[in-house]
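Subject: Structure for you to look at

Hello,

I am passing on the structure we talked about. My notes on it follow below.

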Amino acid sequence: MEVSRLAISASTRAKLISAGYTSLSSLSTLSPFNLATDIKIPEKEADEILKLASHNGKLDNTKGTQAVSGGQTAWDMLKEDEGLRCITTSCSALDNILGGGINCKEVTEIGGVPGIGKTQLGIQLAINVQIPHEHGGLAAKAIYIDTEGSFMVERALQIAEACLSDYNDLPRRGCNANQLKRQPKDLLENIYYFRVCSYTEQIALINYLGKFIKEHKEVKIVIVDSITFHFRQDFENMALRTRLLSELALKLMKLANEFKLAVVLLNQVTTKYTEGAVHLTLALGDSWSHACTNRIILHWNGNERYAYIDKSPTLQSASAPYSVTGKGIRDSVSDHKRVKLM
Amino acid sequence: MANMLISEMRLPKSISNIFAARNLITAKDVLSLTEFELMELLDVGLSEVASAIAHISEITCPPYQTALSLWKRHSENENHPGHLPTHLKGLDAALCGGIPTGVLTELVGPAGIGKTQFCLKLSLLASLPTTYGGLGAKVIYIDVESKFSSKRLIEIGFNSFPELFCMKGMAEEMAGRIIVLQPQSLSEFTESLQQIKVSLLQQQVKLLIVDSMTALVSGEYEQGPSRQNQLGWHISFIKSLAEFSQIPVVMTNQVRSQSFDQISRYSFEGPSQFGDKEDPTRSDSHLVAALGINWAHAVTIRLVLEAISGQRFIKRNVRPSNKLNTPSRSWCHNPSDAKRRSSIRLKGTEVYWSK
């Protein structure tokens, strides 16, 4: 491995190379003092360089051996994932094809035409993540990142009311008589709302989220409504856009893994010319379509709304009807059981 | 906050000087680069760059609020009522009280359906004194197609609020609150938008109407990326106007006919079951809103105006590619075509929320 791949500043690297230290092995036998006097830098910096060099060297050597640091066996991952709960969408047909709901530790992208109910689904999930444990929920909190200004707080209140009345009517598993009845406003208090006004703010916020979630450990879902908006307006440099977006996706995936939370990205649609015809497709281009773990497309089928799993490593491609009612996302009225497998 | 200066973020002096020396002035400059690009550019180590980015991100990112505090602000602040009532019972109920503030509401419909009439009525409603259920405030009316008729405005006023408009000087006061701008081109429109931003800060403007967005664009631009980009700036700007001043913004949009509906399908859905050519109704009556899908995503609420056997309907949030002459659900309608000429006062029927 070469010195030029070390994460050090350009001028220090230049000093190293001009003094003849081009490979990591040439650094391995040096003491910090030697290096410092040789290339005329403070001893503290020399110490840093050697630390980095030996760290990188180790990674290089352990290739192929069993104890790769940072790895996890598939069995451990299975055990860990079994403990995770899904966030229900309040529509049983949709939960069914999703294997119980939106998964934690995964990034899920949901897209569709205007008015199909993306924001509604987003608000519904922000409420549903708060369903208490005794009703099969996560009893957690939500972060809602609004880039479009389409979050309607009156609507959130309606959905919260409907959600509360739904599970208050059910018999409780763990009887807890002393527990005070929760009010719709309590649910609203558990939604942290960020209004983002430019793509720079969006990047900054995602950078900062890790710290925020460390301070608010109960957060189990991050909803971005929509990931697209600021990247679609006023963006001339497409290469920059692709790079910024893939960086965002990586950071969100890291968040999902680190804090075992669900990340839901809402996306818009655009038109694309393929196979001799113009089709609808989710926005942001082909490279973005690889970025998310799951991709769900909401679409119209006649006068019914359908959700279609377009991409998922674990789920079968399927579509299920749902409807948007005054209470939020619910089962489609006309048909409760039909799940079409493709 | 994207243009916040790095020098004002209280970074350690040494590193903030390096940022300045490399001409990285704002948060936008820094956050558009990767860590490694920054290391190259600034000639500092990874840990310094990482901590600087973390610091800049934390300062640049907007503050959070809970949905509860958002709701409290909406419901308690009397200077900024959450909605402008349209006085159409059915529509008000479907919209939770009227045209909402702080977001874009779009009116879509064919020519002659009454989009401009609706806008005139709305501007009157906003200029009415609060005792009559209005907002008692100024209105900015951007009239692109030169359709604004002050005569018609007064006529609507006299017929809807006779007692008020018969008072001496009231008509003058009402009409005096409505400021009409008539930009002739997109660049003039852009200019007036920027002026509006200033006047929104100084004056008591509580409603912004743009009639219509389509005329500006369709005249000057061909279909294609240049048009999309042009609009992109306007969408963001108008949205931010609505948001920071917390006023309702109403825009009108025209319809275009579309002869086939493949554009409304995803590739996984396969071709339409009906077959485009065989269905005779599709060829003549398939109307869609103009300005394309990017625009449609940007508006928060879309109201579709349409006429069915002489009656006028307003629907909210329908399927965008719906044939406009077959409504799935109607929110409200006006009793007869003739009455519309005197005032748009629609009576509500069969209304329930569904988005």
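Among contacts in chain B between residues at least 6 apart in sequence, 67% join residues at least 24 apart. Please keep in mind that this is a predicted model. Chain B has 16 helices and 14 strands, and of its 355 residues 53% count as buried.

Ile6(B) counts as buried because its relative accessibility is 2%, and the cut-off is under 20%. Leaving aside residues up to four places away in sequence, Ile6(B) touches Leu11(B), Phe19(B), Leu24(B), Ile25(B), Thr26(B), Ala27(B), Val30(B) and Ile56(B). Its C-alpha atom is separated by 9.5 Å from that of Asn17(B), 11 residues apart from Ile6(B) along the chain.

Asn23(B) sits in the loop between H1 and helix H2 (27–31) of chain B. Its phi is near 65°, a positive value in a residue other than glycine. Asn23(B) counts as exposed because its relative accessible area is 57%, and the cut-off is over 50%.

Chain A also has a residue of this kind. Ser90(A), in the loop between helix H5 (74–82) and helix H6 (92–97) of chain A, has a positive phi of about 70° although it is not a glycine. At 23% relative accessibility, Ser90(A) counts as partly exposed.

Next, the contact between the chains. It takes 74 residues from chain A and 63 residues from chain B. The area buried between chain A and chain B is about 6,000 Å², and carbon and sulfur atoms give 61% of that. The rule finds 4 salt bridges across the interface. In one of them, Glu243(B) is joined to Arg195(A), with the closest N and O atoms 2.5 Å apart. The count of residue pairs in polar contact between chain A and chain B is 15, with both residues at pLDDT 80 or more. On the side of chain A that touches chain B, helix H10 (residues 199–215) gives the most, with 10 residues. The residues of that side divide into 33 nonpolar, 25 polar and 16 charged.

Strand S3 (residues 191–195) of chain A and strand S1 (residues 64–66) of chain B run antiparallel and are joined by 3 bridges. In this pairing Phe194(A) stands opposite Tyr64(B).

Within chain A, strand S6 (residues 269–274) and strand S7 (residues 277–282) run antiparallel, with 6 bridges between them. Thr271(A) stands opposite Leu280(A) in S7(A). The two strands form a hairpin with 2 residues between them, and in the turn Glu275(A) has a positive phi of about 50°.

Helix H7 (residues 118–128) of chain A is mostly covered, with 11 of its 11 residues buried. Among them are Lys118(A), Gln120(A), Leu121(A), Ile123(A) and Asn128(A).

Lastly, two cis peptide bonds to check. In chain A, the bond from Asp225(A) to Ser226(A) is cis, with omega near -10°. Ser226(A) is in the loop between strand S4 (219–225) and helix H11 (229–232) of chain A. In chain B, the bond from Asp211(B) to Ser212(B) is cis, with omega near -5°. Ser212(B) is in the loop between strand S7 (205–211) and helix H12 (213–220) of chain B.

Regards

Terms used. Residues are numbered from 1 along each chain as its sequence is written. Chains are lettered from A and ligands numbered from 1 in the order in which they are written. This is a predicted model: local features need pLDDT of at least 70, side-chain atom pairs count only at pLDDT 80 or more; totals for chains, interfaces and linings use all residues. Side-chain values use heavy atoms; hydrogens and water are left out. Contact means heavy atoms within 4.5 Å. Buried area is the accessible area (1.4 Å probe) that two parts lose on being put together, summed over both. A salt bridge is a side-chain nitrogen of Lys or Arg within 4 Å of a carboxyl oxygen of Asp or Glu. A polar contact is a pair of N or O atoms within 3.5 Å; within protein, one must be able to donate a hydrogen and the other to accept it, and residues adjacent in sequence count only if both atoms are side-chain atoms. Helices (H or I, at least four residues) and strands (E, at least two) are DSSP runs, numbered from the N terminus. Ala, Val, Leu, Ile, Met, Phe, Trp, Tyr, Cys and Pro count as nonpolar, Asp, Glu, Lys and Arg as charged, and the others, Gly among them, as polar. Two strands pair if DSSP finds at least two bridges between them. Buried means under 20% relative accessible area, exposed over 50%, partly exposed in between (1.4 Å probe, protein chains only).
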